[in-house]
Amino acid sequence: MARFEKMTVAEALAAFLVENGVRYAFGVGGHGNTPLVEALRRRHRAGSLRVVDVQHEAIAAHAATAMQWACGTQSVVFTSIGPGWFNTLIGQNTAMSNGLGFLVLAGDKTTAYEGPNMQQLMRDGQFGFVAAAGIVSKKAYSVIDPRNVYSVLREALAKTREPAGAGTVNVFLPMNIQAATHDYNLDLLLRRLPEAGHGPRPDPAQLKLAAEAISRHRKIVLRVGGGAVGAGAQIKALASHIGAAVVMGPVALDVVESDFPLNVGPAGSKGSISGNFASENATLVINVGSRGVCQSDCSGTLYASASEFININLNAVEALRYDGIPLVGDARAALRDLLAELPPPQLDADWLREIEQARQRWAAYLQDYYDHPIVGGKLTQPAVVKAVDDFINSRGGLKIYDAGDVQAHGFQIARHLEPKTFFSDTGNSAMGFAICAAFGLGLIEGGRYPTAIVGDGSFLMQAQAVRDMVKHGARCTVVVLDNQAMGAITGLQWAQNYEGFASSDPPGLGAVDFAALAESMGAAGFRAQASLDSVVDCLDRARRHNGPAVVDVKVAFGREKYTALGAFGRWNVGPWSEAVEAIWEGKTPE
Ligand SMILES: Cc1ncc(C[n+]2csc(CCOP(=O)(O)OP(=O)(O)O)c2C)c(N)n1
Ligand SMILES: [Mg+2]
């Protein structure tokens, strides 16, 4: 006999989510979602779901992304109708850019639609929000009937977790429907989604082609992307077998440890000398779960010597990039299958030596920066990033790098000891992601300690997240590298022979006291002096503080050497676009 229970649509929805492993709900209430908030409240009080009210919906979306990324913890985001939902969009794109997804539950006007509603989409038709969300997310639904909770919610949640296609899914909840009651069949309502099965194995015929291609080449690069997370052991095994340099994509820098002798680090304009050297000189490139976003593959022009590509990817379309041999399948399985297909190793001693020399050139280049940590009486950003990164590694913490020069320095300087310890919004580069991510990760009981490394510009885009950290008892540190500039943009303007304009504080304007700002919101604030010892001392005190802490570090900014690491290669932005695209099209550079 089926069991039935009368409840509101919002309550049924909350019951379904809890049953399916959702543990956090981040969001903001409004006139568009009071029945939903009431249903979430009951779950919160019962201890089955933690409701975390935040100061801005982007914080909610970023926190949900970070939780899923770092430890697979499932969350949903809830918003009122209209502006609250709009505020999530930057976070939805961040999640999607990094292959992650979650449900966004947003209020909507009533199904009666008696006339214009406050905060409705101005160009709304009956399903205006659904149409708008359909463009910016994986999928959007409207709950127009209480029974939709059985089917629509199940499908929506499954889509957020789809292998090789995870993304955010928006579910719009008309206000009258949220509050409507229905006699729910509990057996139908409380079904659990099955876990996704093992990923598919690549086609044997394509595997054979790939193995033959490998036997034709001596200079090989294995390019590691986001789809390779969890496949570090298989990547090292294959790289060791074929003597391939391992180039790390920005989203996957920690998949293989920095000390692995064939790891040449990141490539692209914010990459490394060694990563670019290997990429430019390889004749065969094996992409493992890698999309090759513009900044990281010199806008499609990085692999100057490559005549063949192999693409291991769960997504059949991504597997066609660079006209490569497509190995459509799970990275671990495909790498194992490929290795099994190969004859005994024939390593190229010259290539291995060239790789090692390039690694040494990059290490020496970096060391020169670390040896000059002060410019004009202030610490430099590269030196501080190195000190912060070393500190986090020594304590086994998580690091989240924000946007701008801070992010580039994270790519280039951070060292990786184990997977799932480095996070940066590489595909969307949403300023303020890191501070929100640290907030989310700092809530997880027994979780690893998170530290956000952010610029002044990025901090001030989501400064209110500090208040959320305080309110909800997050344990985390935010290190602000304050150069009083949107430094990455000024640097780009200079590199393109423009004037630095509208991208830094006007001369004479005093700096923000970030420690005081943090203290005003109830967090601990620490001010570093102009020495690396002082930075480390502040980090240590921040870490021992049992709550959120902000460490304010004033860093040098200008055209002088040592203030920022170099950019390399090509990037199709601004005045460079045409020249880079000509190379991409196959024209010889002038
Ligand atoms: C939301 C958002 N707006 C604009 C940009 C473009 N952008 C990229 S980096 C950057 C400046 C970052 O400044 P800051 O956080 O202070 O870091 P810095 O480069 O100075 O180290 C800007 C404006 C962006 N990535 N995200
Ligand atoms: Mg800055």
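Me: Which angle do the axes of H1 and H2 cross at?
Reply: In this predicted model, the axes of helix H1 (residues 9–19) and helix H2 (residues 34–46) cross at roughly 45° and come within 8 Å. Axes here are lines fitted to C-alpha atoms, for helices over the stretch in contact, with angles from 0 to 180 degrees between N-to-C directions, and helices (H or I, at least four residues) and strands (E, at least two) are DSSP runs numbered from the N terminus.

Me: So what do we call H1 and H2 relative to each other?
Reply: H1 and H2 are therefore oblique to each other, given that under 35 degrees counts as roughly parallel, over 145 as roughly antiparallel, 65 to 115 as roughly perpendicular and the rest as oblique.

Me: Which residues of H1 and H2 make the contact?
Reply: H1 contributes Ala10, Glu11, Leu13, Ala14 and Val18, while H2 contributes Pro35, Leu36, Glu38, Ala39, Leu40 and Arg43, contact meaning C-beta atoms, placed from the backbone, within 7 Å. By class, the residues of this contact are 8 nonpolar, no polar and 3 charged; Ala, Val, Leu, Ile, Met, Phe, Trp, Tyr, Cys and Pro count as nonpolar, Asp, Glu, Lys and Arg as charged, and the others, Gly among them, as polar.

Me: Switching to the sheet, what is the strand order?
Reply: The order is E18-E17-E19-E20-E22-E21, an open sheet of 6 strands with parallel pairing, where a pair needs at least two DSSP bridges. Strand E18 (422–424) and strand E21 (524–527) are the edge strands, each pairing on one side only.

Me: And which strands does H16 touch?
Reply: Helix H16 (residues 405–413) packs on the sheet against strand E17 (398–401), E18, E19 and E20, its direction making about 130° with that of E19. Helix H22 (residues 532–544) lies across E20, E21 and strand E22 (549–554), and runs at about 170° to E22.

Me: Now the ligand: how many residues surround ligand 1?
Reply: Ligand 1 has 20 residues around it, the closest being Gly404, Asp405, Gly455, Gly457 and Gly487, with a C-beta atom, placed from the backbone, within 6 Å as the criterion. Two or more residues of this shell come from each of H16, helix H18 (456–461) and helix H20 (487–495), and H18 gives the largest share, 4 residues.

Key:
Residues are numbered from 1 along each chain as its sequence is written. Chains are lettered from A and ligands numbered from 1 in the order in which they are written. This is a predicted model: local features need pLDDT of at least 70, side-chain atom pairs count only at pLDDT 80 or more; totals for chains, interfaces and linings use all residues. Two residues are in contact if their C-beta atoms, placed from the backbone, lie within 7 Å.
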